[in-house]
Amino acid sequence: MTLFSADEPAAVRRVSLVKLSVEVARAIAPIGRIVVDGEVHRPTRGIRGAIYFTLKDRAAQISVACPSARAARCRAVAGERVSVTGTLSWTPDRGQLSLVADEVVPVGAGAIAAMITDARRALAADGLLDRPRKPLPRLPAVIGVICGSDAAVRADIESVVAVRFPGYPVEFTEVTVSGSGAVDQISGALAWLDARPEVEVIVLARGGGDATQLLPFSEESLCRAMCRSSTPVVAAIGHEGDRPLCDEVADARFGTPSLAAAAVVPSRDELLVELDRLAVAAESVMLQRLALVEARLAGVDRDAAVLAGVSVAERALERGGLRLARVDPAGRIGALAARLDGQRQRMEALSPARVLERGYAVVRTATGEVVRRADQVGQGDKVAVELAAGRLAATVDEVTGG
Amino acid sequence: MADAEQSFDELTFEQLLASLEQLTERMATGNIGIEEAAALYERAGELHAAATARLAAVQARIDKLRGA
């Protein structure tokens, strides 16, 4: 028999205080976790760090207690309108009903802005805003993505992967990205991905939303969790123009999830072009050096040079007390010349100039990029055509295939 | 060269590319001998091969994942 059962007849009954207390506790248990909005009145802080205040509305009020373990997630500023997430609790020895909060967040633009300002100040005081940022890897083994369960953000990122490097390993971790529990879930996902060595960059992504929806990304504890990560963290929250606080602590920030994906997913084509460019650069520098040496060798009287070289070497060796190399210095110089010649021939065989001589041409865009596929240029684009001798400036008349 | 003995495996992809660029720059300056330039060129070839292999390994992993 319960006191508060609806089908109980309205009879006056005598009950003990203990029984009443037990019944009250039993009656509130099914209410579970709730979110209640109201205004903060008379906030106080307990000795162990717990926070207490009265949550008031025009017609009602309730005591709110934030245990010390949750105090970092509870912002209680007198007069501020807040949203409290928690469960009802009945304290029999004091006969008091209270809401035990695990999250108190501000409601409304003014209060949210004030919270962000406070959080920014706390992060700055610990040097977290201007700490050195970690560089993003060019070829991460696995890219970790933390996002909501809505399909849009994931689809945006997947389409970028499909263009830049089809099949690139990206691991999505879906979490609650707004409302109560979001900060805990995001922080947990961050720690989990950070603990995995193959995940070499983490993207925190969320689509657009209003200030309240984006609030978790401005919370101090999430920002601190990002700073703790030893893996670089990239923030991509909302749309261009949204600037949540996590942008200010991230190793890199981008206006949208697509932009972030384009920055962390390597482009296979670009990498191949870059490798080509580096190989060609090393080769041409080496060729130039060899040409220079060759010109100098040709420009001097070889016998005189050998003799001069020998006497310089002899003097140097004598000073150093070495006698061994005097046996045949001329032979050593001859060997060096032969080696150079062999190297030059090898280089020349590889040289892009040789390829051009066979009738091939290199086509570059106005920005100097080598054109490999027709779809790199559009009709009317100016291109430069490099031939074995001289170059042509040309305009694209028609583009087919690609 | 101090880092000549360093294994390529310990370098990240970007370090491989950066080394390649540095080597080319050093080769281009006139204050090293032609023999040293040739040695640098040889190492540049090795770095280039290592970077290319790194990219190929990623592709191979993707192909394997897709095949599975």
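A polar contact is taken as a pair of N or O atoms within 3.5 Å; within protein, one must be able to donate a hydrogen and the other to accept it, and residues adjacent in sequence count only if both atoms are side-chain atoms. The model is predicted, so local features need pLDDT of at least 70 and side-chain atom pairs pLDDT 80 or more, while totals for chains, interfaces and linings use all residues. Residues are numbered from 1 along each chain as its sequence is written, and side-chain values use heavy atoms, without hydrogens and water.

Between chain B and chain A, five residue pairs are in polar contact, both at pLDDT 80 or more. Helix H1 (13-28) and helix H2 (34-67) of chain B each give two or more residues to the side that touches chain A. H2(B) gives the most, with 16 residues. By class, this side of chain B has 15 nonpolar, seven polar and six charged residues.

One salt bridge (a side-chain nitrogen of Lys or Arg within 4 Å of a carboxyl oxygen of Asp or Glu) is found across the interface. It joins the side chains of A:Arg277 and B:Glu21, at 2.9 Å from N to O.

Contact (heavy atoms within 4.5 Å) links 28 residues of chain B with 34 residues of chain A. The buried area, the accessible area (1.4 Å probe) lost by both parts on being put together and summed over both, is about 2500 Å². Carbon and sulfur atoms give 71% of this area. In chain B, B:Ile34, B:Tyr41 and B:Leu55 lose the most area to chain A, together 25% of what that side buries.

Technical notes
Chains lettered and ligands numbered in written order. Buried area = accessible area lost by both parts, 1.4 Å probe. Helix = DSSP H or I, 4+ residues; strand = E, 2+ residues; numbered from the N terminus. Nonpolar A, V, L, I, M, F, W, Y, C, P; charged D, E, K, R; others polar.
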